Amino acid sequence: MKLYQKIICGVLILAIAAGSGVGIYYMQRWNHVEEVVNRVTVPPQTTAETPERFVPEEMLAFVPPEGNNLAKGAKLTESGHTDVYFGNKAIDGRDTTYWEGNGFPATLTIDFGAELTFTKIALRLPPLRAWSARTQTVTIEISMDGENFSPLLSEQSLPFDPMTGNAVLLTVDAAQAAVVRVTFLANSGAGGGQVSEIMFFA
Amino acid sequence: MKHPFFLLLLLLLLAAAATGFAIWSKQNAEATKGVSEVTLFDAPSTIAPSKTAKLFVNGQESFVYSVFVNPGRENKGNYDVSTVTRSPMAYFDLVAGKANIDIELTEESSFPSLDSAAVSPLAKGIATEIEGRHIRFTIDAPGQYVVQINGSAREAFHLFVNAPEENLPDKTNPNVLWIEPGEWTIPDGIQLKSGQTLYISAGAVVHTTVSAQFGSNIKIRGRGMIDGGIWDGWKGQDAHVPVDFRYCSDIYVEGVIINNSNAWCFNAFETENALVENVKIISARPNGDGFTLQSCRNFTVQNGFARTWDDSLVVKNYGTNTDGILFRNMLLWTDLAQSMEVGYETNKGEQPDSKLSNVLFQDITVVNAFHKPVMSIHNADDALVEHIRWENITVENADLGNGDAKDNNQLIDLTIAGSGWSTTKTRGTIRDVQFQNITVLRGLNDPEIRLMGYDEAHNIDGVSIQNLTIYGEPIRKLEDVKTDIQFADSVTVGWVE
């Protein structure tokens, strides 16, 4: 073999080695998976906070009239209810539990057990911010025997707003009755009438 | 060498081949170079991590939450939570490629040794590698996963792998309520109005409720958590339902986790045109139903998760008629009650001609069902319940009848009867119920199918069961499976290859 042939052989052998090496390198790269981890951190806190946007505005509380609530101990019957929102929750003394009727019209009938006189009726809903403002349309009737009723309040739309106590206080001429029937005809916030407490005051 | 020309030619060819190999492999390496990209989210500094497990994703530690679960199989009726315990849960985003998962059991884990681990859905065929107290495997797609250790349901690892979020809402839009990462308390709840979007960032834990009434075009999005841990059990009085829609339309809920509700978890009533996507629920307290749809229409819940201590997916008529409900690609774990239930209340609203129709449960895996029936219709009122279908359902473990479930341990239970949940005095009917491609992998009992009409007039008519497999055995005819049938007509069991 002549010298130039030996040189060509050498160059070709180097080319074979280099090509194979590069090929093997990239074959290894081929199997390599690049792992990328992004991390989102959380600013340190010492306790749970309320986001600024959700800091509640001041809510006005409903203040019941002075005197005893005459509905305490009364017997209540309902035309129906939805889910677990039974009628007796309207006179259980808790303003966060409530009755919700099953469609319209819906009635709550309060039997005091004896004739008495009242001048104020409070209809309340839970004083919770989660409750949106709503309007309920009602009529109120009174009876001495629970069978024959006469009108006390003709059809009226009552505004309820949690920011102002979520309650409506009605004042009537001194009404004498043993039984009161409240009929709910519409509610802009639910599919039935709703009451967390119905209260009567002399 | 006598013929140096041939040697040179050979070397030239080899050199050309090596060069070609180099170019080819470089091109392939560049074209198919693997990238695994994930996004991990730290937790609020006020939240304690799980003591029993750690998680490493692509080699970096990811926060593991310690969530309440309830392995008790008896609802004692007094809101007893003495059986509640803890289990690990974590989430991250899979941005590209496959994620390498490494779960480490700490010394505080109740498992003295680590012998095996199984990743559900088992159908994904995810192989695990055990080394010491490490479980390693690869996740190649977003989804919901559960890792059970040593064949036990105890301390199962809940892993929620999200796809990266797209089209984030505009933080500056006044109709976008944006909650940053951190622990937050909003005890009065968030009342959404029409057109509003609530965004809960990954890394946020929000103690609150989210509700809307008479609203439309409302969205809840994000990767963060709505948590009810600040409230005692509702005890029949104060239910703080984490997500509650009433009389709404055009609803979109995506990505959030609902944890530790003090009552039921996701509730929709008289709501229509809704898509609930990739929402994860874990409940452990009494009445902790998962997704509850009451008198809803055109409502889809998909690609989500529910591990619940009451019904996991449930459809009821509480008002007007239900129509067009789809549950698709869900991973379920039912510690108590039914996994996929229609009823019991089918006419609580006492509507004339009440009907509950067109409900489809599709592509659903039940990791564990420990208590009452997996697939059930309980028509406890006077409604017509019709066109109810279950398709491509895999029950990995039908360990039914535990605790107070007793003999209410059916795999499939269609029953017309009065119950404590009845409102109407008269009974209804069930028509056209189809089960297709139902697979039960394992269980302790002999799964039963119960079809129990009330009488000849209030009966079940038209039940088709096709391609049911129980413990590897195909059920080709009615006699191949344990049944209890009464007042049920046109019942067919078949197998199509």
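Author: Helices (H or I, at least four residues) and strands (E, at least two) are DSSP runs, numbered from the N terminus. This is a predicted model, in which local features need pLDDT of at least 70 and side-chain atom pairs count only at pLDDT 80 or more, while totals for chains, interfaces and linings use all residues. Residues are numbered from 1 along each chain as its sequence is written, and chains are lettered from A and ligands numbered from 1 in the order in which they are written.

Reader: How many helices and strands does chain A have?

Author: Along the sequence, the pattern of chain A is α-β-β-β-β-β-β-β-β-β. The count is therefore one helix and nine strands.

Reader: Why is chain A described as more spread out than a compact globule?

Author: The radius of gyration is taken over C-alpha atoms, and the globule rule is 2.2 Å times the number of residues to the power 0.38. For 202 residues that rule gives 17 Å, and chain A is well over it, so the chain is more spread out than a compact globule. Its C-alpha trace spans about 135 × 35 × 25 Å along the principal axes. The radius of gyration behind this conclusion is 38 Å.

Reader: What percentage of the residues in chain A is buried?

Author: A residue counts as buried if 20 or more other C-beta atoms lie within 10 Å of its own, as exposed if 12 or fewer do, and as partly exposed in between; C-beta atoms are placed from the backbone. Of the 202 residues in chain A, the buried share is 32%.

Reader: Which element of chain B gives the most residues to the side that touches chain A?

Author: Two residues are in contact if their C-beta atoms, placed from the backbone, lie within 7 Å. The contact takes 64 residues from chain B and 54 from chain A. Among the elements of chain B that give two or more residues are β1 (34-41) and β13 (182-191). The element that gives the most, with 16 residues, is α1(B).

Reader: Which residue is the bridge partner of V40(A) in β1(B)?

Author: Two strands pair if DSSP finds at least two bridges between them. Strand β1 (residues 33-40) of chain A pairs with β1(B) in the parallel sense over eight bridges. In β1(B), the partner of V40(A) is F41(B).

Reader: Which are the edge strands of the open sheet of five strands in chain B?

Author: The order of this sheet is β3-β2-β6-β9-β8, with antiparallel pairing. Each edge strand pairs on one side only, and the two are β3 (60-62) and β8 (129-131) of chain B.
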